[in-house]
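Have your viewer open and follow along.

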Amino acid sequence: MSFALGVERSLGGQPWRWRRDCEGELTPDVLVDELLLARGIAREDLARHRAPTIRDFLPDPSGFRDMDKAAARLADAVERGEQIAIFGDYDVDGATSSAVLVLLLRRLGIEPMVYIPDRLMEGYGPSGAALVGLKERGASLVVTVDCGAQAFEALEAAHKAGLDVVVIDHHQCAAALPLCHALVNPNRLDEDAVGAAHGHVAAVGMAFLLGVALLRELRRRGRFANGTAEPKILDLLDLVALGTVADVARLQSLNRAFVAQGLKVMAQGRNIGLSALAQAARLVKAPSCRDLGFALGPRINAGGRVGKSDLGVRLLTTTCPDEARALAAELDRLNEERRAIEQLCLEQAERQGEEQADAPVIMVAAPGWHPGVIGIVAGRLKERFGRPAIVIAVEEDGKGKGSGRSISGVDLGAAVLAAKDSGLLLAGGGHAMAAGLTVAPGGVDALKTFLHERLSDDVERARGSRSLLLDTLCAPRGVAANLCDALDAAGPYGAGWPSPRVASGPARLLKTGIVGNGHVRGLACGEDGASFKWIAFRAAETALGQALLAASADHRFWLAGSIKRDEWNGGDKAEMHLDDAALAA
């Protein structure tokens, strides 16, 4: 594969390559198709992917193991008026999954109980005590969402107590499955082709599919035959979009349709909790995909991380505007508190990480770290060092609660599950890009050795194939608002569906300087006099930032990054969010 624009080593120290063999400037009428092709879409399937809809991508729910069994049990409970309980995880995926089922059941005349465990006191997933407690409070059916696939002891206790449990999860499963009425999970090892093809779907997507299956089952039983209105489940896609993006699920096929259509629902402001949260986050326009991941998601997560674990689901299911505003304000406050706690933990974790900069997996541990922020810190370490990272908070009894984040091409969840099966963990699980674990006192070093040996080759391959991938080339005059429109047409973008990266130049750099918290900003001027603004976030202390700041008016550069609208003071221009730069010949 040849180097894009002849850049074998950029100012950021990496080669540039075209995402597709289409070097050169693309005309607007083919740009969208080229973006889709570059993300793996077959040419004959382009029409379906240009505007992804639920109709075009929704699979038959019956294609997932145990889905029909789960839907039938839930339909029985609805028809008999049983007390149903929803048991969710404390993160955004868990909160949105819970909210989808709560709101759907309400529309069917059932008010379910909701149980979200406390992160610090109870930890991840259902416990036997919690499930039996729900039985004692009158529940005859519990639906767990975003948890349960590894809850062997808890589900056995529920079974002995006579409680039916339906598990809706997406985390990786062991060969043996826990004892429950039904377990719906596309990552079951015995899953059929349809289900296995949707292993990237978040728990909220699986909850939505259960809702589709439930409505179909009730329709088959005649529930809506006598004028009874059937709930419009598509109205809940705003929650599905939020949970999907916040859980960093790959935005491919069904997930991309979930998010594309969910953003449209969200723009209508139907969920008063989401609208209140958007106001608390100071969003002045309808939320974008980026807003879900960086504004709304972190605020809902803050409840489970440093506050009360049920705040998120309460916000997403409330029918009272005053309560929605109060809950949103509290989550906004907790998010600020979370940021302060996170920063302290990050500084300490980075110092440990620097000593392991060349290790296959960065693994840091210390007492006193807040378990609610270690997942975020692991993500920060992964970005800084370009390799999987695990952050472990050591508790007073010596046990360590850890959270990990991985890089593309390295399945961290499978490695953690293997470590658990090898007796190195008290608990553990996850999916390819994220995992959680509990390690016994004194067990960190053995775990580190195991993961280094298991993942070393995968990490080396993943890092060795790293290049800055470019989608298209445009002259400086082409960095404009109409280019943003063309690029947005192939969205939404996120994990597994990367935002387009545009190269532009050759250009001289003018008015270069440092702004804000270490950002480098300037003006790029082409040979024809056309110019555009660019900014490299948090780059002042990097090799790239230093080279940009030292550039003279005689140097000409290729610049590469994402093109964003610059709407400052009502303008409608465009600027580049810079990822890298290289000297032009």
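Leaving aside its neighbours within four places in sequence, which residues is Lys401 in contact with? With contact meaning heavy atoms within 4.5 Å, the partners of Lys401 are Ile374, Val391, Ile392, Ala393, Glu395, Leu437 and Thr438. Before going on, some ground rules: this is a predicted model, where local features need pLDDT of at least 70 and side-chain atom pairs count only at pLDDT 80 or more, while totals for chains, interfaces and linings use all residues. Residues are numbered from 1 along each chain as its sequence is written, and side-chain values use heavy atoms, with hydrogens and water left out.

Back to Lys401, which sits in strand β9 (residues 400-405); helices (H or I, at least four residues) and strands (E, at least two) are DSSP runs, numbered from the N terminus. Lys401 counts as partly exposed because its relative accessible area is 26% (buried means under 20%, exposed over 50%, partly exposed in between, with a 1.4 Å probe and protein chains only). Gly436 is 35 residues away along the chain, yet its C-alpha atom is separated from that of Lys401 by 7.7 Å.

Leu437, one of the contacts of Lys401, also touches Leu447. Leu447 lies in helix α18 (residues 444-464) and is buried, at 1% relative accessibility. Not counting residues up to four places away in sequence, Leu447 also touches Met363, Ala419 and Leu425. Met363 is 84 residues from Leu447 in sequence, with 9.4 Å between the two C-alpha atoms.

Now for the cores. A nonpolar core is a set of buried Ala, Val, Leu, Ile, Met, Phe, Trp, Tyr and Cys residues joined through side-chain atoms within 4.5 Å. The largest has 120 residues, and Ile84, Val143, Trp534, Leu559 and Ile563 touch the most other members. Helix α9 supplies the largest share of this core, eleven residues. Leu447 turns up in a second, separate core of 22 residues, which also includes Ile407, Leu412 and Leu425.

What about empty space? Rolling a probe the size of a water molecule over the atoms shows where empty space is left. On a 1 Å grid over the protein atoms alone, a cavity is a set of points where a 1.4 Å probe fits but cannot get out, and a pocket is an open set with protein on both sides within 12 Å along at least five of seven lines; lining residues have an atom within 4 Å of a point. The second largest pocket has a volume of about 450 Å³. It has 21 lining residues, and Ile54, Arg55, Phe208, Ile233 and Leu234 are the closest to its centre. Helix α9 is back here too, giving the most to the lining of this pocket, with five residues.

The count of cavities of 30 Å³ or more comes to one, and about 40 Å³ of space lies in the largest cavity. Among the residues that line this cavity are Asp89, Tyr90, Ile300 and Val313, and α13 (289-306) and α14 (311-317) each supply at least two.

A disulfide is a pair of cysteine sulfur atoms within 2.5 Å, and a search of the whole structure finds zero. Cys173 is buried at 4% relative accessible area, whereas Cys180 is partly exposed at 23%.

Definitions and conventions. Grid points are joined across faces, edges and corners, and a volume is the space filled by probe spheres set on the points.
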